[in-house]
Amino acid sequence: MKELIAEIMKRYADAVESWIAAVGECAEMVAQGILYYGSYLLAGLAVALAWLLLAVTMPAWYLPYKYFTRKGAKRKCRQGNKRRYRK
């Protein structure tokens, strides 16, 4: 009876050991993928943050530019061809 229990426990231990080895190999492959594609993920994150920064700060830098260039166009309109620039 003791030999039967020992044999069953040995099979169980072998099965668990092989399962742990398989999980370890899978985790290793995932870690290698993260290391390989990590630079692309960081670059994408940097682009997304830059886009968000530009979108949030757009009123601060674009609206004054638009306002002053529009006034310049109106001044040119008064000086030159009035049909070229309309209000």
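Me: What counts as buried, exposed or partly exposed here?
Reply: Buried means under 20% relative accessible area, exposed over 50%, and partly exposed in between, with a 1.4 Å probe and protein chains only. The model is predicted, so local features need pLDDT of at least 70 and side-chain atom pairs count only at pLDDT 80 or more, while totals for chains, interfaces and linings use all residues. Residues are numbered from 1 along each chain as its sequence is written, and side-chain values use heavy atoms, with hydrogens and water left out.

Me: Which class does Met-9 fall in?
Reply: Met-9 has 48% relative accessibility, so Met-9 counts as partly exposed.

Me: And where is Met-9 found?
Reply: In helix α1, residues 2-79. Helices are DSSP runs (H or I, at least four residues) and strands likewise (E, at least two), numbered from the N terminus.

Me: How many helices and strands does the chain have?
Reply: One helix and zero strands.

Me: How much of the chain is buried?
Reply: Buried residues are 2% of the 87 residues.

Me: Switching to aromatics. How many pairs?
Reply: Two aromatic pairs. Rings of Phe, Tyr and Trp (its six-membered ring) pair if their centres lie within 6.5 Å; planes under 30 degrees apart are stacked, over 60 edge-to-face, the rest tilted. Tyr-36 and Tyr-37 are edge-to-face, at 4.7 Å centre to centre and 85° between the planes. Tyr-37 and Tyr-40 are tilted, at 6.3 Å and 45°.

Me: Why are Tyr-37 and Tyr-40 about one helical turn apart?
Reply: Because they are three residues apart in helix α1.

Me: Is Tyr-40 buried or exposed?
Reply: Exposed, with a relative accessible area of 54%.
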